[in-house]
Amino acid sequence: MRLLDRCRIERAVWVVDTWIGDLPRRRRREIREELRANMLASAEEVGAREAVRRLGPLQRLAVGYLDAEFGDVSPRPNWVRGVTWALAVEIVLLAAIFAGMNGYTSALDAARASGTYDWSPLGPLGPQYTETRSLGQFDGFAIEFDFVSLLASIGVLLLVFVVAGRTWRAVPALRRQ
Amino acid sequence: VLSLLLLRLLADAESYGYQIVQRLRDAGLPEISEGTVYPALARLEREERITARLVPSSSGPARKYYRLSPAGYLALGDGHVAWQGLVDVVDGLFALPVPAEPAPPTGG
């Protein structure tokens with residue numbers, strides 16, 4: 001087979017693979033391999049260009065694979081939706097932390113506290129808020145976020161994201177059972 | 001209907017995707033698209049009506065051959081009965097002569 005023909009087939013496989021990005025990785029690989037084998041068989045008879053044409057619109061083919069895999073499961077697992085949710089959770093978490101800092105300062109004000117006070121709402125995974133006070137008045141503050149904590153918090157977020165994503169993907173299989 | 005045809009063809013012989021498309025074309029569906037058949041096979045496999053195995057090919061990568069599962073045979077039987085019922089209804093209607101004019105409305 002000519003290199004150009006092979007490229008035509010690989011391009012079609014790649015386009016379909018891009019559209020089915022929400023499927024589990026192993027299933028995507030199976031589809032790629034099967035599609036490639038079928039297209040090579042077709043190209044042997046009618047040529048690569050015609051083999052690609054006979055697939056029809058590649059996006060429609062990919063949607064067909066998604067429909068076949070997910071059936072009537074709604075909402076379907078979706079990377080964009082997953083990342084959007086992760087960002088939303090992060091924003092809400094940060095807003096809650098800042099609200100907590102504000103409340104912490106208010107509590108120290110109410111107590112007319114003096115000295116240095118630390119507050120770490122997420123323990124070692126989050127920032128440490130330090131407030132300095134003298135004569136019962138606010139004097140200054142610092143927010144520390146060291147590199148290890150940053151990595152650990154990203155790791156925990158990724159872990160939660162992966163576990164939630166895997167659970168979500170298991171829903172179609174569980175429903176089928 | 002396509003699922004029923006696929007089950008029927010696979011009941012005859014274990015086949016891989018492109019081969020099934022060829023068999024459908026030979027059976028009288030020359031315009032059928034691979035893009036329609038491949039997802040339909042994926043759906044039947046998900047529904048466990050067909051099973052698949054990889055068979056090495058001398059002319060390229062391994063091909064995925066499909067065959068009916070026990071559930072597939074049941075679905076084929078049920079589907080055939082349902083299809084035959086539909087055919088009987090349609091045949092019954094088309095067996096009547098077509099009047100030159102539709103009848104006027106009856107009742108209130």
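Predicted model: local features only at pLDDT ≥ 70, side-chain atom pairs only at ≥ 80, totals over all residues.

Author: Contact here means heavy atoms within 4.5 Å. Residues are numbered from 1 along each chain as its sequence is written, and chains are lettered from A, ligands numbered from 1, in the order in which they are written.

Reader: How many residues of chain B are in contact with chain A?
Author: On the chain A side, 22 residues take part. Chain B brings 21.

Reader: What area do chain B and chain A bury between them?
Author: Buried area is the accessible area (1.4 Å probe) that two parts lose on being put together, summed over both. Carbon and sulfur atoms hold 51% of it. The total is about 1900 Å².

Reader: Which side chains meet in a salt bridge?
Author: The rule asks for a side-chain nitrogen of Lys or Arg within 4 Å of a carboxyl oxygen of Asp or Glu. Across the interface of chain B and chain A it finds 1. At 4.0 Å, N to O, the pair is B:K64 and A:E34.

Reader: Which element gives the most to the side of chain B that touches chain A?
Author: Helices (H or I, at least four residues) and strands (E, at least two) are DSSP runs, numbered from the N terminus. α2 (17–26), α3 (34–46) and β3 (60–68) of chain B each supply at least two residues. With 9 residues, the answer is α3(B).

Terms used. Heavy atoms only, no water.
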